[in-house]
Every structure is written in C-alpha cells, then in structure tokens.
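My entries follow in the order I made them.

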Amino acid sequence: MINKIVLWTILIAPWFSLFFLKKDDIKRFMPVSIFASFLMLLYNVIAYNQKHWIVKVTIIPWFKHFFMPGILGAFLIITLWIFYYTYRKFWVYMITNLILDFMFAIFPIHYLFQDKLKIYQLINITPWGRFVLFVSLSIIIYGYHRWQETIYNKNI
C-alpha cells in the first residue's frame with residue numbers, strides 16, 4: 001500500500017510546483033521536458049523488450065510494464081526545473097544531472113524503489129549501466145533544448 005502512495009505522489013505532487021514558475025518560463029522549458037519524457041518512455045519500451053527490469057507495482061494498469069509515474073510526473077517536472085535553474089550554463093546542467101542521475105540510478109532512490117519498496121527489480125542492466133544511459137540521454141536532451149531555443153528566440 002505504501003508503495004502505491006509513493007507512486008501516486010511521484011505522479012501528482014511535482015505538478016504543484018509549477019505554481020511557483022511564471023507562465024513564460026513554463027512555455028520556454030516545457031518542450032524540452034516533454035521531449036525528455038518521450039525519450040524516457042522510449043527507453044522504457046526498449047528496456048521492457050530487453051528485460052532490463054520487472055515493474056512489480058503499478059498504478060496505471062495500461063502501462064504496467066513502464067515506470068509511468070516517474071515519466072509523466074517527477075521526471076517531466078524535474079527536467080523543467082533543471083533547465084529553469086541551469087539555463088545557458090552547460091556545466092552546471094551536467095553536474096546537476098550527474099548528481100540526480102546517480103541518485104536515481106544508484107543511490108538512494110534506486111535502493112529505496114528496488115530494495116525497500118519493491119516497486120521494480122533490475123534484471124539485465126546494472127545500476128551503473130542505467131547511470132551511463134541517463135547521463136547520455138541528458139546530453140541529447142541538452143542538445144534538443146539548444147536547438148529549441150533557436151526557434152524560441154526567433155519567435156520573440
């Protein structure tokens with residue numbers, strides 16, 4: 001029961017933090033957040049086919065093999081906040097992502113979700129493998145944002 005409460009919190013609670021941002025900031029950084037969530041969803045599809053993990057607890061039955069609360073909740077909104085605070089500061093962005101990717105892929109979030117709450121279990125990928133993958137994706141996401149900024153700046 002507690003693991004389902006955690007998953008619902010991961011899905012819903014981050015969205016409330018958007019009340020602290022200006023509408024223009026949300027418009028500026030939401031495209032990269034949606035792109036990042038799309039990449040994470042794509043990774044989840046590949047990971048399911050490659051049997052990277054087994055999702056043991058889900059709150060959205062249609063997506064029982066994917067970590068949808070994270071993709072549609074925390075990941076999407078955290079990505080927005082990362083870009084809000086690290087806008088035009090690549091090295092700050094990378095250091096922030098290294099820290100957060102480590103926390104999610106290695107410790108403490110992975111430990112909490114796999115070992116304590118038993119929400120998922122890694123099978124054909126190591127925590128370090130996921131960490132490298134997440135850091136690689138963060139570089140692609142940053143490149144997308146830079147490209148998106150050229151479009152955004154032309155429209156102003």
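**Salt bridge.** I searched the whole structure for salt bridges (a side-chain nitrogen of Lys or Arg within 4 Å of a carboxyl oxygen of Asp or Glu) and found one. It joins the side chains of Glu149 and Arg28, at 3.2 Å from N to O. Glu149 belongs to helix α6 (residues 127-154) and Arg28 to helix α2 (residues 23-49), so the pair ties together parts that are 121 residues apart in sequence. Helices here are DSSP runs of H or I with at least four residues, strands are runs of E with at least two, and both are numbered from the N terminus.

**Basis of the values.** This is a predicted model, in which local features need pLDDT of at least 70 and side-chain atom pairs count only at pLDDT 80 or more, while totals for chains, interfaces and linings use all residues. Residues are numbered from 1 along each chain as its sequence is written, and side-chain values use heavy atoms, with hydrogens and water left out.

I listed the contacts (heavy atoms within 4.5 Å) of Tyr93. Leaving aside neighbours within four places in sequence, Tyr93 is in contact with Ile82, Phe83, Thr86, Ser138, Ile141 and Tyr142.

**Aromatic pairs.** How many aromatic pairs does the structure hold? I count 25. Rings of Phe, Tyr and Trp (its six-membered ring) pair if their centres lie within 6.5 Å; planes under 30 degrees apart are stacked, over 60 edge-to-face and the rest tilted. Phe29 and Tyr84 form an edge-to-face pair, at 6.4 Å centre to centre with 85 degrees between the planes. Phe29 lies in helix α2 and Tyr84 in helix α3, so this pair ties together parts that are 55 residues apart in sequence. Phe29 counts as buried at 3% relative accessibility, whereas Tyr84 counts as partly exposed at 31%.

The ring centres of Phe83 and Tyr142 are 6.3 Å apart and their planes are at 20 degrees, so the pair is stacked. Phe83 in helix α3 and Tyr142 in helix α6 are 59 residues apart, and the pair links distant parts of the chain. Phe83 and Tyr142 are both buried. I also noted a cluster in which ring pairs link Tyr43, Trp53, Phe67, Phe104, Phe113, Tyr120 and Phe134.

His145 sits in helix α6 and counts as buried at 3% relative accessibility. Apart from neighbours within four places in sequence, His145 is in contact with Phe29, Val32, Phe83 and Tyr87.

Ser138 is also placed in helix α6, buried at 2% relative accessibility. Not counting residues up to four places away in sequence, Ser138 touches Tyr93, Met94, Asn97 and Asp101.

Gly129 is in helix α6 too, but is partly exposed with a relative accessible area of 27%.

Leu39 lies in helix α2 and counts as buried at 13% relative accessibility. Its contacts, leaving aside neighbours within four places in sequence, are Leu137, Ile140 and Ile141. The C-alpha atoms of Leu39 and Asp101, 62 residues apart along the chain, are separated by 15 Å.

Methods:
Buried < 20%, exposed > 50% of the residue type's maximum accessible area, 1.4 Å probe, protein only.
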